[in-house]
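Please read these points alongside the coordinates. They cover a loop position, the nonpolar cores and the helix packing.

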Amino acid sequence: MAFDPAERVPVGQTGLSVTRLGFGAASVAGVFEDVAERDGLATIDHAWNLGVRYFDVAPLYGYGNGERRLGRSLAAHPRDEFVVSTKVGRLVRRVEDVAPGADVDRNAFGDRRDADHLEETGFRAVFDYSRDGILRSVEESLQRLGLDRIDVLFMHDPDDHWEAAIGEAYPALHRLREEGVVKAIGAGMNQSAMLTRFAREGDFDMFLVAGRYTLLDQDALAELLPTCLERNVAVVIGGVMNSGILASPGQGARFNYKPAPPDVIERARAIAAVCDRHGVPLKAAAIQFPLAHPAVASVVAGVGRISHLDDYPAAMRTAIPAELWADLRSEGLLAAEAPVPNARS
């Protein structure tokens, strides 16, 4: 089975559809390394030319820079031809405007600097899952994007804010959907446990889970994905390369945004060895694997360069023999119950 990057997949009963290949705007916002304005815009334009029609962003990415760049690029295209998701739960504020005692995110990667150098940015991300905070966030995102509407709203990383997220943010999102301000609501996180809880306790349309359903980490397989299937919640997968280790599993590789521990590097190398035996690029197996699950609608490419973006459609079209998946299972490198792409004849 090969995957068509431009194939549209419905998002529940919302009337929205996302392309199998989506684009994540964190990298072009300069989160991990500096990206010049023209280069970021060129990468987004290239995604469009590849057939991508689903774009994900957040106020946090570049402290608004991701939304501004995405909006500038998409302004050239008819609004009904693409889907945009952005996030709520963090407000971007200048340092001098942050109120004393505010719940500041000290680990925010609004740009590539670490927490010890946040002073250099001049901005802070302030957690706010209140109704007023949600409404302010939506208004500010619309201004930065320059769009007339946002299609999907995700609660962004509410890991330490469950009560506020389910008790305040969720009702606000639900109301925005009822009023037709947005068509779909959900959450975007780097963990599956809380997303599963959201799925069971609320009425959501779409989740974005980063790094927890990949060739290296299938944490979402046991509970999140079956629950989403049962409740007709579309799932978007981010971080399919697990911070780069599935692109290059050598010493110095990163996993979950940090240096990968030795056992993770060893496992990634073992997966790469199986791919090598079958003449299949590791990236191709990594990109195709999550798309085989029936709950998964799209894989988001969070890249900052055109050359890296081109890897995705090429990988999605690569023929992968069934024997590769069988070998991964027999060597204990892939969960036995994980769906895999059908072999291409």
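1. Ala36 sits in the loop that links strand 3 (21-24) to helix 1 (37-49). The model is a predicted one. With a relative accessibility of 36%, Ala36 is classed as partly exposed, because that class lies between the 20% limit for buried and the 50% limit for exposed. In sequence, Ala36 and Gly304 are 268 residues apart, yet their C-alpha atoms are 9.9 Å apart in space.

2. Helix 1 packs against helix 2 (residues 65-74) at an angle of about 55°, and the two axes are 9 Å apart. Helix 1 and helix 2 are therefore oblique to each other, and their crossing is right-handed. On the helix 1 side the contact involves Glu37, Leu41, Ile44, Asp45 and Trp48; on the helix 2 side it involves Arg69, Leu70, Arg72, Ser73 and Leu74. Sorted by class, the contact of helix 1 with helix 2 consists of 5 nonpolar, 1 polar and 4 charged residues.

3. How many of the 10 residues of helix 2 are buried? The count is 8, so helix 2 is largely enclosed by the rest of the structure. The buried residues of helix 2 are Asn65, Gly66, Glu67, Arg69, Leu70, Gly71, Ser73 and Leu74. What they pack against is helix 1, strand 4 (54-56), strand 5 (83-88) and helix 3.

4. Helix 3 (residues 131-145) in turn crosses helix 4 at roughly 50°, with the axes coming within 8 Å. That angle makes helix 3 oblique to helix 4. The crossing of helix 3 past helix 4 is right-handed. Arg131, Ile134, Leu135 and Val138 of helix 3 make the contact with Glu168, Ala169, Ala172, Leu173 and Leu176 of helix 4. By class, the contact of helix 3 with helix 4 contains 7 nonpolar and 2 charged residues, and no polar ones.

5. The largest nonpolar core contains 103 residues, and those with the most contacts inside it are Phe23, Phe55, Phe198, Phe207, Leu215 and Ile245. Helix 4 (residues 162-178) supplies the largest share of this core, 8 residues.

6. Setting aside neighbours within four places in sequence, Phe207 is in contact with Phe154, Gly186, Ala187, Leu195, Phe198, Ala199, Leu224, Cys228, Val233, Ala234, Val235 and Val236.

7. The last pair is helix 8 (residues 282-291) and helix 9 (residues 306-316), whose axes come within 8 Å and cross at roughly 70°. Helix 8 and helix 9 are therefore roughly perpendicular to each other, and helix 8 passes helix 9 in a right-handed crossing. The residues that meet are Lys283, Ala284, Ile287, Gln288 and Leu291 from helix 8 and Asp311, Tyr312, Ala315 and Met316 from helix 9. By class, the contact of helix 8 with helix 9 comprises 6 nonpolar, 1 polar and 2 charged residues.

Key
Residues are numbered from 1 along each chain as its sequence is written. This is a predicted model: local features need pLDDT of at least 70, side-chain atom pairs count only at pLDDT 80 or more; totals for chains, interfaces and linings use all residues. Side-chain values use heavy atoms; hydrogens and water are left out. Axes are lines fitted to C-alpha atoms, for helices over the stretch in contact, and angles run from 0 to 180 degrees between N-to-C directions. Helices (H or I, at least four residues) and strands (E, at least two) are DSSP runs, numbered from the N terminus. Angles under 35 degrees count as roughly parallel, over 145 as roughly antiparallel, 65 to 115 as roughly perpendicular and the rest as oblique. A crossing is left-handed if the near helix is turned anticlockwise from the far one by less than a right angle, and right-handed if clockwise. Contact means heavy atoms within 4.5 Å. Ala, Val, Leu, Ile, Met, Phe, Trp, Tyr, Cys and Pro count as nonpolar, Asp, Glu, Lys and Arg as charged, and the others, Gly among them, as polar. Buried means under 20% relative accessible area, exposed over 50%, partly exposed in between (1.4 Å probe, protein chains only). A nonpolar core is a set of buried Ala, Val, Leu, Ile, Met, Phe, Trp, Tyr and Cys residues joined through side-chain atoms within 4.5 Å.
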